[in-house]
Amino acid sequence: MKISVIIAMFNAEKFIGECLESLRAQTLQDFEIIIVDDCSTDSSCAVVESYAEKFGGRLKLARTEKNSGGGGYVPRNIGLNLSRGEYIFFADADDFLAENALETLYAAAEKVAADVIYTGACHYLERDGKINLMRDSDPFKDNPTLTLDAPNEILRRLFFNGHFRNPWTKFSRRDFLIENEIVFPKIISGGDFIWTIHVYCCAKKFLRLPTPLYFYRNYSAESVSRKKRTAPEQIYHWAASFAAWLKAFNSLARKTEPLRQNPALCAQASSLHFYHCLAGCAEAQRQLDTQDIYEKLLSEFPEDSPVPFFFSLVDAQQRELEAARRRIEDLEKFYKPNSRQEVIE
């Protein structure tokens, strides 16, 4: 078996059929599909079961005993344990692939014996039907690039050149993942980033392809980050997410040499995820006073936790910046000329 496609699924009845149809259309068919359902409450499993015969025994459906809390991290780990393919590809249940995706990835991986193939471009599907092409800012963005045994170099690209942090832009050799014990951490959110960092730390042969092969749905209602919460709940969710992520990241940094020897890279990774979490609670921040935020976090976190202080400090800074921007906008409106101006030499 050349490839194992692992799909974590939760309440994806609207889209899982489209995902499976894209796999039926693949130009390379030597692959298995392992779908791990995370206790869906809709008809997702029934849709998957209706496709069983169409894949001739290559489609497996497993179920978690209880919902893992979101993110798809636990289901992906289960799928990896059940896999038999030479290579692993993780897909989301509400996304789909270009018909030549698996053939392109497999051929490239075999050609250079890559541990990991990273695709530096993908398609983003918006709710209004638009499809946007997203690219990283890698210095070699228009050319395939093979990097040999240089984890510091590819980590810098991840942290400074906008490499995508998700698993569906990675095509990994199964033995590579197992030998290096690369699995998804059991945290609230940000597990994709931790997994990707671990992959980058361990890859000896890292091939970057500039070809977009994946269609990502940018508006799934089941996303953990889009779940509706009250403003205090949203603040706490993202603060708790950052605290759990930081603990998992520090654990990884202690056992991987590239991170252990490069505190500057660790600081950059932590900064990137901190501002990601901060952006997640931006709307809630506008609804609450800084004092309200601080008191909420202080009541939820231990006294020695830095999380309340950091969030409240940055919240205050952001409010000052927003106030300054509003003042500039008001001044621009006031001084905007009503008549057409021409430059006279």
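Modeller: A search of the whole structure finds one cavity of 30 Å³ or more. A cavity here is a set of points, on a 1 Å grid over the protein atoms alone, where a 1.4 Å probe fits but cannot get out. Grid points are joined across faces, edges and corners, and a volume is the space filled by probe spheres set on the points. On that basis the largest cavity has a volume of about 60 Å³.

This is a predicted model, in which local features need pLDDT of at least 70 and side-chain atom pairs count only at pLDDT 80 or more, while totals for chains, interfaces and linings use all residues. Residues are numbered from 1 along each chain as its sequence is written, and side-chain values use heavy atoms, with hydrogens and water left out.

The lining of the largest cavity consists of Phe89, Leu105, Ile117, Thr119, Trp168, Thr169, Lys170, Phe171, Leu213 and Tyr214; a lining residue has an atom within 4 Å of a point. Strands E6 and E10 (170-173) each supply at least two residues of this lining. Helices (H or I, at least four residues) and strands (E, at least two) are DSSP runs, numbered from the N terminus. The chain has 13 helices and 12 strands.

The aromatic residues of the lining lead on to a wider group. Phe89, Trp168 and Tyr214 belong, with Tyr124 and Tyr216, to one aromatic cluster. The structure holds 19 aromatic pairs. Rings of Phe, Tyr and Trp (its six-membered ring) pair if their centres lie within 6.5 Å; planes under 30 degrees apart count as stacked, over 60 as edge-to-face and the rest as tilted.

Strand E6 also takes part in one of these pairs. Tyr118 and Phe206 are stacked, at 6.2 Å centre to centre and with 20 degrees between the planes. Because Tyr118 lies in strand E6 (residues 116-119) and Phe206 in strand E11 (residues 205-209), the pair ties together parts that are 88 residues apart in sequence. Tyr118, at 0% relative accessibility, counts as buried, and Phe206 is buried with a relative accessible area of 1%. Buried means under 20% relative accessible area, exposed over 50%, and partly exposed in between (1.4 Å probe, protein chains only).

A second pair has another geometry. The ring centres of Phe242 and Phe274 are 5.1 Å apart and the planes stand at 75 degrees, so this pair is edge-to-face. Phe242 lies in helix H8 (residues 231-255) and Phe274 in helix H10 (residues 263-280), so parts 32 residues apart in sequence are tied together. Both Phe242 and Phe274 are buried.

Ala113 is placed between helix H4 (101-112) and E6. Although Ala113 is not a glycine, its phi is positive, at about 55 degrees. Ala113 is partly exposed, with a relative accessible area of 43%.

Finally, the wider setting may be given. Of the 345 residues of the chain, 49% count as buried. Among contacts in the chain with a separation of 6 or more, residues 24 or more positions apart account for 80%, where contact means heavy atoms within 4.5 Å.

Note on methods
1 Å grid on protein atoms, 1.4 Å probe; cavity = no way out; pocket = protein on both sides within 12 Å on 5 of 7 lines; lining within 4 Å.
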